[in-house]
Amino acid sequence: MNILVTGAKGFIGKNLVTELRNKGFNYVYEFDTDTDLNLLDDYCKQADFVFHLAGVNRPKETSEFMSGNFGFTSTLLQKLKYFKNSCPVMLSSSIQAELANPYGESKKAGEDLMLKYSQETGARVLVYRFPNVFGKWCRPNYNSAIATFCYNIANDLPIQINDPSTVLNLVYIDDVVEDLISNLNENAISREGYFQISKVYTVTLEEVVNLIYKYKNSRSDLLIPDMSDEFTKKLYSTYLSYLPEDKFSYDLKMNVDLRGSFTEFVRTPDRGQVSINISKPGITKGNHWHHTKNEKFLVVSGKGVIRFRDIHSSKVVEYFVSGEKLEVVDIPVGYTHNIENLADVDMVTIMWANETFDSEKPDTYYLEV
């Protein structure tokens, strides 16, 4: 297919073009403000589908709303008519088309023009009224509160919240792109003549900001919010895309002694925590048991032995482990256990516990294996 994308360098356009190419669409015509206008003739003549994303959000003059959102749409449709190309056309509109403001009125005018074009030519027209779209590559401090909050908080800049209870209807850029591409197979959902993105998240401004600050603080408290919640996961991915390039990494607190070190890596509210244990040669660590806390040990470097003993028995069970053969060893409750480094180099063990460490209730009882 020959696919024309107007506004190809914008937020949605950039994501759409990238994913179209990922999916093997090799003939994607990218048109933006710096593209030679003469190329539009060739693109309109050859296009099998048009994603019309070009528009004006923040003009210097109010009159630019109409020229950008209505005028260019008119130019595009005239060229398609001229070449008798009745391919499907998708229009990027906004929920503000229902409002009486210059931006909304210009978007509504573009919609009406598109629907009239469909009636005249029989072309399939898809008008999307997007709510607030968030995700990677969105320009901060422009027209997206999510992008602005993510960028400012990630870069230690202040944010302004006028009303924390403001309700936002949000759609994630990957969901938007997936739905748009589905139109190439005529798989869209239409409601009342307009097309909707299949997944919409309704949250308050306060909820969004609190989550973003949790992401920021996770570098110090190591607590990652519940990623089983789709919105939480997608907002976290968005936040990470705004990190300064010199701050991708962060230090962990290593608890170091003569035996080696123990370092917490990640904490979660529902899936426990992951830690890294380094044991010096000949060192034995552990010799304790738990009532409810359980763990998984994975030696990734070095060689050692993990020993177990039911606290009511004298029988010792041994598991020999090595970074040369990765295997997970479960640590059952009611068994005192230890791990000994049998090599002459450091042994590195990844340890998962089903709960985060609580100094008020450690559930850890010393007992030699």
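These are my notebook entries on a predicted model.

**Ground rules.** I number residues from 1 along each chain as its sequence is written, and my side-chain values use heavy atoms, without hydrogens or water. Since the model is predicted, local features need pLDDT of at least 70 and side-chain atom pairs count only at pLDDT 80 or more, while totals for chains, interfaces and linings use all residues.

**Overall form.** I looked up the radius of gyration (over C-alpha atoms) and found 29 Å. A compact globule of 369 residues would have one near 21 Å, by the rule of 2.2 Å times the number of residues to the power 0.38. Along the principal axes, the C-alpha atoms fill a box of roughly 90 × 45 × 40 Å. I also noted that 44% of the 369 residues are buried (under 20% relative accessible area, with exposed over 50%, partly exposed in between, and a 1.4 Å probe on protein chains only).

**Cores.** Next I checked the nonpolar cores (buried Ala, Val, Leu, Ile, Met, Phe, Trp, Tyr and Cys joined through side-chain atoms within 4.5 Å). The largest has 53 residues, and Val5, Leu20, Phe51 and Leu235 have the most contacts inside it. A second, separate core of 22 residues includes Ala54, Cys87, Met114 and Val125.

Which residue has a positive phi of about 60 degrees although it is not a glycine? I found asparagine 287, which is buried at a relative accessible area of 10%.
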